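Good morning, and thank you for joining. Please have the sequence and the structure open as I speak.

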Amino acid sequence: MTFLSYLKDKRYYISWFAAVLLFVTVMLIVSGNGWSDVAYIDGSCIAFAMIYMVSGYYYRRSFYKELAELLHSDELERFEALPEPQNEAQSLYFALLRSQQETYVKRLQQVQLEMKDHQDFVMSWIHEVKLPITASKLLLSGSDDKPVDELVDKLEDEISKIDGYVEQALYYSRIDSFSKDYFINEIGISAVVKGSVKKYAKLFITKRIRFLLAPSDEMFVASDSKWLAFMIDQIMANALQYTAEGGEVTAFCEEDGSERRLVIRDTGIGIRPGEVHRVFDKGFTGFNGRSHTKSTGMGLYLVKQLAAKLGHGVSVASEEGAYTAVTIHFPKFRRLEP
């Protein structure tokens, strides 16, 4: 900080001092004081003002010099190296800067965490999608002695797996922009459930799993048809994945004074008691999931995230070796997540 720039900062004080000095001079002359007295008093005032200005400049110069050096340095922790404030205004400015820095650091950490989660998902997704691709290549390379119908049937299965992984990735990528991509209206639950069953009809038939839709009056809920259908598809896919041949999947609706509920229950391998509360965690597959089949652990995580966005709830009840029941809760007084 140069002395000229300091004087520029003090221009209002200098103007005020000049006005006061002019007033004092006029008063002295009007009062009959001689020119020597006037000159003595004015000179003394100017001298004291100059001493004040010069001492103030040297007092401030070290502070601004440290700031200038810090501004042009490559230090990463600049806020920790700030000089001590010399007045209350500087203290407030520094407090504001530190507050802004803390907010920035928190947002940066959040972005970094989201990027890491995204990268982990992409890596997991790549490994999972490579399996059906590799299986398809093996089928084609050894297809010379196999009937065409059998080959097509197996290729369809692998393509369905790839389609499922792609759909998961697509919906995962849309979670952050959810607020721009939903439309709430009244939806009949039965139609959405039947659409999901039709989508997985081949797997139902192949594994000889029976599907039961409990007879009841059609239940309508306020939701987005596309996102709700995806949620039910993920629950249905999990039920089929962990239910042995000859098992059963049941869907039924319930209602009370505060909410409507869709329950999808299977007679599959179930979940260990200590793991039930973790089934909605990203990438969590559990002991039974790792033991029986390959799983990305993303299906129920996406269901939980989308349910929160739509103002729904989702819960799981299970008994190991007996059943798993996933319930989507539709509150009658809905609150959308931003």
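I shall take the sheet, then the helices, then the charged pairs.

This is a predicted model, in which local features need pLDDT of at least 70, side-chain atom pairs count only at pLDDT 80 or more, and totals for chains, interfaces and linings use all residues. Residues are numbered from 1 along each chain as its sequence is written, and side-chain values use heavy atoms, with hydrogens and water left out.

I begin with the sheet. Five strands form an open sheet in the order β2-β4-β5-β7-β6, with mixed pairing. The strands at its edges, each pairing on one side only, are β2 (210–213) and β6 (313–319). From one strand to the next, the twist averages 15 degrees. As to the terms, helices (H or I, at least four residues) and strands (E, at least two) are DSSP runs, numbered from the N terminus, and two strands pair if DSSP finds at least two bridges between them. In general, strands of a sheet pair through backbone hydrogen bonds, either parallel or antiparallel.

How do strands β4 and β5 run, and how many bridges join them? Strand β4 (residues 248–255) and strand β5 (residues 259–266) run antiparallel and are joined by seven bridges. Within this pairing, Glu255 stands opposite Arg260 in β5.

Next, the helix that crosses the sheet. Helix α8 (residues 225–241) lies across β2, β4, β5 and β7 (323–331), and runs at about 170 degrees to β7. Here axes are lines fitted to C-alpha atoms, for helices over the stretch in contact, and angles run from 0 to 180 degrees between N-to-C directions. Contact means heavy atoms within 4.5 Å.

Ile232 is placed in helix α8. Is Ile232 buried or exposed? Its relative accessible area is 0%, so Ile232 is buried. The scale is as follows: buried means under 20% relative accessible area, exposed over 50%, and partly exposed in between, with a 1.4 Å probe and protein chains only. Leaving aside residues up to four places away in sequence, Ile232 touches Val192, Val193, Ser196, Leu262, Ile264 and Ile328. For Val192, the C-alpha distance to Ile232 is 7.8 Å, although the two are 40 residues apart in sequence.

Beyond residues up to four places away in sequence, Leu151 touches Leu139 and Ser143.

I turn now to charge. Side chains of opposite charge can pair when their charged atoms come close. The structure holds 15 salt bridges, a salt bridge being a side-chain nitrogen of Lys or Arg within 4 Å of a carboxyl oxygen of Asp or Glu.

One of them joins the side chains of Lys199 and Glu167, at 2.9 Å from N to O. Lys199 lies in helix α6 (residues 189–199) and Glu167 in helix α5 (residues 148–174), so this pair ties together parts that are 32 residues apart in sequence. Lys199 is partly exposed, at 39% relative accessible area, whereas Glu167 counts as buried at 18%.

Arg261 has a salt bridge with Asp256, at 2.8 Å from N to O, and another with Glu259, where the closest N and O atoms are 2.9 Å apart. Both Arg261 and Glu259 are buried, while Asp256 is partly exposed at 32% relative accessibility.

Finally, a network of salt bridges links Asp153, Glu156, Asp157 and Lys202. Thank you for your attention.
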